[in-house]
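Please keep the viewer open while you read.

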Amino acid sequence: MKTCFSVAIGMVASLTLLPLSAMAEARTPPASPIEQPLAYSQASQDLLASLTLSPLTAPSYAGKTSDLMYLDNGLVLEGSDLHTPDGYTTGFRVTAGFSPANMPQLDLGAEFTYRESDEVPTRHADQALLVNTTTVGGSLVAGVRLGQLGLYAKSGIAEWEGDPVTQSETLYMATTGTARVQGFGARLQHNRFVSRLEFEEIDAPNMAHLNLITASLHFTF
């Protein structure tokens, strides 16, 4: 009798614990020590690929890649300081551009420049003068990327004003005006090495000190 009673208790206990063990197995499936690290590694690679800037190509007119800012809407902003080798002129340049979706190798943009020149030697009516000039200009830029080589051209206008150190109303009126801006350049990039050549001209005799041919080499560490 006691043996039958013990067997009955054991069967009831087994039937009670069986559903509980099945629920525990359904809630916490055994984790594979191999699959979990692979899934995490794949997610990390996808995240890094989405955050990296390597797929973004610098525009053909860009100077140093470190000065570029890529916006979510596809706009690329570039800003840089301007200094002439003669030490007369300082200023800055801001360029906003984009590449059409159906023509990704084409670069279009608009450039704004501001320059100040102090005591620039010039001549007016056969008289030697020292002139302080202020120039504000805007240009449209278009370029194309051919592999690692980029070619571009710009065209626009500049408003300039000259203030002779020797004050004279006649001379002051003679040193203000609007002139055309034009230029072209080339950019070559190989890995972290960037070289750039540019010619820019302001079509005004009194602004001849702003006509520049510039060349630069950059290597990013």
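Which residue in the turn of the hairpin formed by strand 2 and strand 3 has a positive phi? Point 4 has the reply, after a short tour of the chain.

1. A word on the source: what you see is a predicted model. The protein chain holds three helices and nine strands. Read from the N terminus, their order is α-α-β-β-β-β-β-β-α-β-β-β.

2. Now the chain as a whole. It has 221 residues, and 27% of them count as buried. The exposed surface comes to about 14,600 Å², with carbon and sulfur atoms supplying 64% of that area. Taking contacts between residues at least 6 apart in sequence, 46% join residues at least 24 apart.

3. Have a look at strand 1 (residues 68–70) and strand 2 (residues 76–83). They pair in the antiparallel sense, with three bridges. Met69 has Leu77 of strand 2 as its bridge partner. Five residues lie between the two strands of this hairpin, and Gly74 in the turn has a positive phi of about 95°.

4. Strand 2 also pairs with strand 3 (residues 89–98): the two run antiparallel and are joined by eight bridges. Here Leu77 stands opposite Ala96 in strand 3, while Met69 is the bridge partner of Leu77 in the pairing of point 3. As for the opening question, the residue is Gly87: its phi is positive, at about 85°, and it sits in the turn of the hairpin that strand 2 and strand 3 form with five residues between them.

5. Next, the aromatic rings. The count of aromatic pairs comes to three. Because Phe92 belongs to strand 3 and Phe112 to strand 4 (residues 106–124), the pair ties together parts that are 20 residues apart in sequence.

6. One last thing to find in the viewer: ring pairs link Phe92, Phe112 and Tyr114 into a cluster.

Technical notes: Residues are numbered from 1 along each chain as its sequence is written. This is a predicted model: local features need pLDDT of at least 70, side-chain atom pairs count only at pLDDT 80 or more; totals for chains, interfaces and linings use all residues. Side-chain values use heavy atoms; hydrogens and water are left out. Helices (H or I, at least four residues) and strands (E, at least two) are DSSP runs, numbered from the N terminus. Buried means under 20% relative accessible area, exposed over 50%, partly exposed in between (1.4 Å probe, protein chains only). Contact means heavy atoms within 4.5 Å. Accessible areas come from the Shrake-Rupley method with a 1.4 Å probe; for residues, only the protein chains shown count as cover. Two strands pair if DSSP finds at least two bridges between them. Rings of Phe, Tyr and Trp (its six-membered ring) pair if their centres lie within 6.5 Å; planes under 30 degrees apart count as stacked, over 60 as edge-to-face and the rest as tilted.
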